[in-house]
Amino acid sequence: MLEFRLLGPVEAVIGGTSVPLGGLKPQVLLAALVLERGKVVSTSRLVELVWGEDPPTSARSLIQTYVSKLRKALADHGAPDVIQSRSPGYLVRLDGARVDADALALLLSQAKQESQHSAAARLLNEAVSLSRGPALSGLQDTLLRGEARRLDELFVSVQEERFATELGLGRVDHLAELTGAVTRHPANERLRGQLMVTLYRLGRQADALACYREGRDALVDELGVEPGSEIVAIHSAILRGTLELVPAEVAPVAQAAVVPAQLPASPADFTGRVRELAALAEGLSGEAPAVHVVAGQGGCGKSVLTVRAAHDACGSFPDGQLYAELRGTSDVPATPGEILGRFLSALGIETAQLPESTQERQELYRTLLSGRRVLVVLDDAASEEQVRPLLPGAARCAVLISSRDRLAGLAGALFTELDLVTPEEAHALLARIAGDTRLAGEEASARRIVDACGRLPLALRIAGARLASQRRLPLQVLADRLTDERRRLNELSAGDLAVRSSISLSYRALDAAARTALGRMGHLGLPDFSTWVVSWMLQTSEAEAEKVLEVLVDAQLATLSGADAAGVLRYRLHDLVRLYARERAEADEPAELTASTARVLDGWIALLGRTTSENPPAESTWHPAAGHRDPDDIADMAARLPVDLDAWMHGEEPALAVAVERAAATGLHRQVCDFVAAHSAIEQVTSRKDLRDRLIALAMTSAHHTGDPAVEADVLAQLAGLRYAQDRFAESRQLFGEALSLCRNLHDVRGQAAALAGMGVACREPGHLTEAVHFLSQAATLSQALDDQVRIGQVLRIRGSVHLELGDYPAALADLSDSLAAYQRAGSRRGVALSLRSMGLYHRARGDYAESMAACADAATIFAELGDDLMHSYAVRAHAKAQLRAGFAAEALPRLEAALATVQAHDDRWGQAATLRVLGQLHLSEGRLDLAQDYLDAAMSLWDVMETPLWRARTEHDLAQLHQARGETDLADAAFARARTVFHARGSREDKEGL
C-alpha cells in the first residue's frame, strides 16, 4: 500500500519501504501535489512553490525533470502512474493511497463523534502516533510554510482532544507530554487549562496556579489580551477547591431485542468496482462508521454497489440492517414520515403505537437506535431534506445512501463519486451477462459495444441482456447499430430497462435554463466545454452560466473536469447523455440551434481577435470581419487569458475542432472561415499541425460554399502557411502563388503582401536565396505602402536572414535593424524576440560572439515570458552555438540537449535537424568523433526528408571535417566537393568565403 507522510519529513512509503525522493525541491513538488488531493497543480504554481519569486529560466524543464525522477522512484517501488500530467500541470492519483494528514483529520472527526471517552481515546492515540515531528519538516522556509502551519495546528487540535479525553477518563499519566505541548504553544489556553487540571489532580495546586500566572503573562506580553473565560473558570475552581478530581463514567445503553434484516438480494452478476467496495468496506467497519453517500449519474450502478457493500458489511452490524427505496427520481418521492413508519415497524413498534407526526417518529427512531450498531441503507435519495430525518443519532450506526445528487449539504458525510467502470470492468460485465462463450471470437465487436455504451453499467446490462436473449444476433450487428448515434438510444432498451428512460428521469427534474443549456451542448457535441462557451450559448453572464452548470453537475448530467489555463471551469457530458440532450434540443428548439452555434463561434472569434490585437504576433495582425457580435464579457475574458496562450489553446482545441465541424454542417460557412483565420493568427498553435490541417480542410470547403474569392484566397494562404510549418516547402510556395493570383485579381494589396512574404520564406528554407529576395522585396514595398508595421517587421527580418545566408552582411544588418524597429513600433514582443535571435545569428557570423550571446539571451527571455517553449529552444540553440564558437562547449552541451528534447516534443523536424547539427559540431570540436558522426548523420537524414539541399550541404561540410580529423582523406575530399558544388549553385555565403 502506498502512503504519503506529511506529518514530519515528507515521505512516500510503499510496503513499509521508504521511497527515495531526492532533495528539497522534489520534496516541495511532491508535497504540493499531495496536498491538492488529486487536483491539478499548474506548472507555473509548482515553479512558484519550488523557487519563490526568483525561478531560473529553466524552471519548467527542471519541474519536468523532478516529476520524471519522482515517477521513476515510485514506479521502481511498485507504484507506477501515481503522478500524472494534466493540463496545465500535474496531479497525484490517491486511489487507494493513504495520506497521514487525512487519516489524522478523519480520526479526529470520528473521535469527536464518539460518546464514550474510551473509544475516543483509542482513536486519538492512533492519531497522535501518526506524527513524526513538525509537519513538512525541512520545508517550513518554502512557500508551503502556510500548509505546514495548518497541519501543525491540526495536530495541536488532536492533542487538545486527546488530553481532554484522557482527563475525562480520570487519567493523569500524560503530564510530561502535556507540559511539552504547553511549552511549545504558551498562548494556547485550552492546553494550559488541561495542564492546570492535571497538576491539580496530582495534588500540585501551587504548580497549577503558577501555570496560570505564566500563561496570563504570556498572553499579556505577546498578544496584549487577558485570559479567556474557560481558563479563568478553571483558575477560580482551583482557588476554591471545587475542581472535579474524578470524572463520572457514562452508563451503557441496553440493546433492543428486534434485529431487522431488510436488505434486498445482492445481484449475482455484480462485477468490478473493487476500489469503491474496498473504500466503503473500510469506512463501514470502523468504530464510528458515519454517513456514506454514493453519488453518480443515472445508470452508473449506484444502487447495485450500495446493496453489495451493505451485504459485505453485515457482519459489522449485529443489531440489524434497515433498507428503504426513497424514489428520489420518481414523480412521487417517499416522505421521511413514511419511511420512518416502516423503520419503526421493523424495529418492533406496533402499528397502533406509531406516533402521528414525523418529528415524534424521528425522536422514537433515534431513541431505539441509541447504543445499537445498525446499518441504514437509503437508495435513490432526492435531497438532504428527505434524508436528514432518517439519520440515526447514535455514533455507532452507519448510513449508506445512493443518490444522483451529491447531497453536499449533509454535514460530516463521506462521499464516493461513482464514475464509469474501467474498460476491463466494462468488458467483464458484458461477458458476465451475455456469457463468455457469446463473446468468444468476436472481441473486436465486443470492444465496439463497450465503447458505444460509454462504459455505463446500465447500457452494458441492456446490451448484454439483448445478446443473452437473442442468441442468434451477431455481436457485429449490434455493434454496427450502436455505432449509429441516431439509433443508439433506441437500441439500448431491453424489457423494463432503457437508457433513455434513465436519463429522462434526471432531465425532467431540471429547470428550464438547465434543460436549454443541456440541449444546446448536446447538439453542439463538444467533448468538453468551459463556462464561457455556455454563457455564449445562453446569452448570459459567466456567473449565471456557472450556476446552470452546477445544477447539471448536481443532477449528474454533467461532470466537472477541472479548470483550464485561464482558470475557467470546464465540464463534459457522457456520450449517452449528449445523445439524449441532442434529441431533446432538436425536438424542442430546432430553430435556435444554428444561432446558438453561431454565438459560440462568434465568442471564440472575438476572444482570438482581442488576443491578436492586444498582443500583436510576429507576422500579420488578423482583423475580424464585420457581422460578428462580441459577447458582453469578452474584454474581461480576454484579460484573463494566460501569457502562455499555447497552454490555454491546447486545452480548448478539441472543443474548437468539434464546434467548427458542427458549424460547417449547419451552413455557417462564413463564420467557419473567419474562425479558422483567427485561429491561424495565433502563432503558438503551429506545433499542432494535425489540428490545423483538420480545421483548414473544413475552411476550404466552406470557402467554396461562400463563393467569395477573397475568402478563398485567405484560406489558401492559411493552407500554404500550414504546409510551410510541415516543411513541405514546394507545396507551400505553390499555394502562396495561387493565393497571390487571387489577391491580384481582387486588387487586395494586403493579401498580396502576405502571399509574397510567404513565397519568400518558402524559398528560403530549400536554399532558393535569390528568388527569396525577389519575393520579399516586393512584399516589403507593399507592406511599407500599407504602413503595416507587423508585416514590415516580418518581411525585413526574413529578407535580412536571406541576405545573411548570401553573405551580404551590410544588407543583412540594415534589414534586421529596421525589422526590430518595426516590431517595436507595433508592440509585438514575439516579433522583437525573433529579430533579436536573427540579430544574434548575424553577430555570430561576423565573429562577435559576446554580442551574439547577448541578443540570443534577450530573445530567449522574451520567448520564455510568452510561454513559447519551441522558439525559446531556437534561441537557446543559437546562444549555445555562439558559446561553442567562443570556446565554451561544456556550458553549451546541456542546453543543446534540452533544446533537442523540446523540438522533438513538438515534432519540429527543422528544429531537430538544426539542433542535431550543432550537437554534432560540438562533439566534433571536442574530439568525440563517433558521437559527432551519429548526430550529423541524423541531421543529414532529416535534411533529405525535407528536401533542403543547402542545409544538407552545410552538414556534409561538417562531416568532411570529421573525415579529415580521422585521416580519411578521400572521404573528406569527396564530401567537401559535394558541399562546395551546392554552395556555388545557391550563391550562399560559404561560396563567397571560399569554404
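Modeller: Happy to! Glu-542 counts as buried because its relative accessibility is 13%, and buried here means under 20% relative accessible area, with over 50% called exposed and anything in between partly exposed (1.4 Å probe, protein chains only). Before going on, please keep in mind that this is a predicted model, in which local features need pLDDT of at least 70 and side-chain atom pairs count only at pLDDT 80 or more, while totals for chains, interfaces and linings use all residues. Residues are numbered from 1 along each chain as its sequence is written, and side-chain values use heavy atoms, with hydrogens and water left out.

Glu-542 is found in helix 25, which covers residues 542-554; helices (H or I, at least four residues) and strands (E, at least two) are DSSP runs numbered from the N terminus. Setting aside neighbours within four places in sequence, Glu-542 is in contact with Thr-531, Trp-532, Ser-535, Val-568, Asp-633 and Arg-640, where contact means heavy atoms within 4.5 Å. For a sense of scale, Glu-542 and His-957 lie 60 Å apart, C-alpha to C-alpha, and 415 residues apart in sequence.

Another buried residue to look at is His-235, which counts as buried because its relative accessibility is 16%. His-235 lies in helix 10 (residues 229-240), and beyond its neighbours within four places in sequence it is in contact with Met-196, Leu-209 and Tyr-212.

Now to the strands. Strand 8 (residues 290-295) has 6 of its 6 residues buried, so it is largely enclosed by the rest of the structure. Strand 8 pairs in the parallel sense with strand 11 (residues 398-403) over 6 bridges, and it is also joined, again in parallel, to strand 12 (residues 414-417) by 4 bridges; two strands pair if DSSP finds at least two bridges between them. His-292 stands opposite Leu-400 in strand 11, while its bridge partner in strand 12 is Leu-414.

Elsewhere, an open sheet of 4 strands runs in the order 3-2-1-7, with mixed pairing. Strand 3 (17-18) and strand 7 (98-99) are its edge strands, each pairing on one side only. Strand 1 (residues 2-5) runs parallel to strand 7 and is joined to it by 2 bridges, with Phe-4 having Val-99 as its bridge partner.

Next come the nonpolar cores, each a set of buried Ala, Val, Leu, Ile, Met, Phe, Trp, Tyr and Cys residues joined through side-chain atoms within 4.5 Å. The largest holds 150 residues, and Ile-449, Trp-604 and Phe-675 touch the most other members. Helix 29 (residues 645-665) gives the most to this core, with 11 residues. Not counting residues up to four places away in sequence, Ile-449 touches Leu-430, Ala-463, Leu-467, Leu-475, Leu-478, Ala-479 and Leu-482. A second, separate core of 59 residues includes Ala-32, Val-47, Leu-123 and Val-158.

Finally, the whole chain. Its secondary structure comes to 46 helices and 17 strands, and 54% of its 995 residues are buried. The C-alpha atoms fill a box of roughly 105 × 75 × 55 Å along the principal axes. Among contacts with a separation of 6 or more, 67% join residues 24 or more positions apart.
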